[in-house]
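Look at the model below together with its sequence. The paragraphs that follow take it one place at a time.

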Amino acid sequence: MGHVIGIDLGTTNSCVAVLENGQPSVIPNAGGYKTTPSMFAITQDGKRLVGHLAKRQAITNAQSTVYASKRLIGRRFDSEEVQRAIDVTPFSIVEGPNEDVRIEVSGKTFTCPELSAFILREMKRVAEEYLGEPVQEAVVTVPAHFNDAQRQCTKDAGKIAGLDVLRILNEPTAAALAYGFNRNEEEKVAIYDLGGGTFDISILEMSDGVVEVIATAGNTFLGGEDFDRRIVEHLLAKFQEQEGIDLRGDAMALQRLKDAAEKAKCDLSAREVAEINLPFIASDDSGPRHLSVELDRATLEGLVHDIVEGTLKTVEQCMQDGGITVDQIDQVILVGGQTRTPLVQNRVAEHFGKRPHKGVNPDEVVAIGAAIQGETLVSEDDNLLLLDVTPLSLGIATFGGHFARLIERNTTVPVCKSHIFTTTRDNQSAVKIRVLQGESETAAENDLLGEFVLGGIRPARKGEPEVDVGFDIDANDTMTGKEQSITVNATGTLSDDEIQQIIEEQELYEVQLKE
Ligand code: ADP
Ligand code: MG
């Protein structure tokens, strides 16, 4: 039997791990690095590059180098997050035929799952080279706060990459598995994961072989990239002030600034002051101009302070959801490269009233946890019971634009729930079911996962027919078999064609919760 690999498909960096002789370890790539940049590029002469090779040429080929595409996966083109990304991204983000996001690189158009697949295939190759045998099966991690569409797209990416994705695992849960490996203590742990593009907080309860997620919360559009952007804004303002030149429209200059900003940010984790020198960043009639700015830690902290406080508010919400107080938390574990910033470490420590655990590598724990989970899945090891939760409430839109929750966020999965709905008009023969995920009471403010029409309702007065809507969420936290059945007044099942005909023939009305 071949090995199962665990892949941490990160916004910024990806990592692959495997369990050998019962010991998990991260697999280094050919260059000896344990993480690989989640970047893809096409060079001027049409060569496709992934990982470090793509990153190395990003400055001179900004428009054809894709980074952080995980921030766009599974999102609708018109969403706020995508529109925000378009404003700050040197590569071209366009609308796909399904209101989805596509990315244009060197005249070719790619979907987000395809771009993720390039990274996954690279991680598969790294593992195969190391193990000396083909690898088929993998556990791939996603931010706990990913919705159903984002999870489905990640699964699709695995398929495109030629992988059999055994499980989609939440990143903080994976980190907890790695932490709890061969530890038999009963404890409550908080996993604070701040990476390049996402933030997750999960509270878990661990005891002999059982890992139970109590609550999770997060933001899939907040991370180190935002720190970098704040620094870039600061540098742009400084340069404009000193030289009177606005660099905002210059893609190459912006890419150099972004690179320098990230480097300065990382330097400031170990030092008090960082020098940012970018010679020949611009030129005008009087000749070339150079950017030279000194950034100290206090200034950086001022620039990003509110972002860090924002994460702590999310922590608070998660604790409240789980009915947990800080003094009940035994361990705080930091995951993600951005947690190396001293301000983050200090604020988290203050918030929980204890120093975070030092024993895990924030870049590697997620992949290691995925590898551990992969092994237990194939070896049918029943010593590990993993109980995760769904991060977002799931429900449908009802009459008047309201959101009817069927499954509350932080419900343990797998779960199956149903509810009876009814019609809002006399003799209504079809209803439109709009499936949504989110926390707003207003349907339109939540993410639309899909919609379909249920036809064949026998003529009756409004409020009489009963439409049973049921949801199943599996252990991958993806919805399968959205069950739809009309339990009363049904005329029997309809073919897809018939339903289609109904859609065309009549006006549709929203459903209403039956009293
Ligand atoms: P992801 O899981 O999103 O791929 P990572 O966990 O690899 O992200 O974290 C990447 C982020 O961590 C980047 O924004 C990077 O700049 C930041 N980072 C890495 N090292 C440091 C450091 N020493 N100090 C501060 N930030 C760092
Ligand atoms: Mg990560």
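Proline 414 is found in the loop that runs between strand 23 (411-412) and strand 24 (415-422). This is a predicted model, and in it the peptide bond from valine 413 to proline 414 is cis, with omega near 0°. Most peptide bonds are trans, and most residues other than glycine have a negative phi.

Asparagine 21 is not a glycine, yet it has a positive phi of about 50°. Asparagine 21 also sits in a loop, the one between strand 2 (13-20) and strand 3 (23-26).

Next come two helices. Two packed helices are described by the angle between their axes and the distance between the axes. Helix 5 (residues 171-180) packs against helix 10 (residues 365-378) at an angle of about 80°, and their axes are 7 Å apart. Angles of 65 to 115 degrees count as roughly perpendicular, so helix 5 is roughly perpendicular to helix 10.

Which residues in helix 5 and helix 10 meet? From helix 5 come Glu171, Ala174, Ala175, Leu177 and Ala178. On the side of helix 10, they meet Val365, Val366, Ile368, Gly369, Ala370, Ile372 and Gln373.

How many residues surround ligand 1? There are 17 of them, and the closest are Thr12, Gly196, Glu262, Lys265 and Ser269.

For threonine 12, a backbone N or O atom lies 2.8 Å from an oxygen atom of ligand 1. A polar backbone atom of glycine 337 is 2.9 Å from an oxygen atom of ligand 1. For glutamine 338, the distance from a polar backbone atom to an oxygen atom of ligand 1 is 3.0 Å. On its own, ligand 1 has 580 Å² of accessible area, and the protein covers 87% of it.

Methods: Residues numbered from 1 in each chain as written. Chains lettered and ligands numbered in written order. Predicted model: local features only at pLDDT ≥ 70, side-chain atom pairs only at ≥ 80, totals over all residues. Heavy atoms only, no water. Axes fitted to C-alpha atoms, helices over the stretch in contact; angles between N-to-C directions. Helix = DSSP H or I, 4+ residues; strand = E, 2+ residues; numbered from the N terminus. Parallel < 35°, antiparallel > 145°, perpendicular 65-115°, else oblique. Contact = heavy atoms within 4.5 Å. Near = heavy atom within 4 Å. Polar contact = N/O pair within 3.5 Å; in protein donor to acceptor, adjacent residues only side chain to side chain. Areas by Shrake-Rupley, 256 points an atom, 1.4 Å probe, with all protein chains shown as cover.
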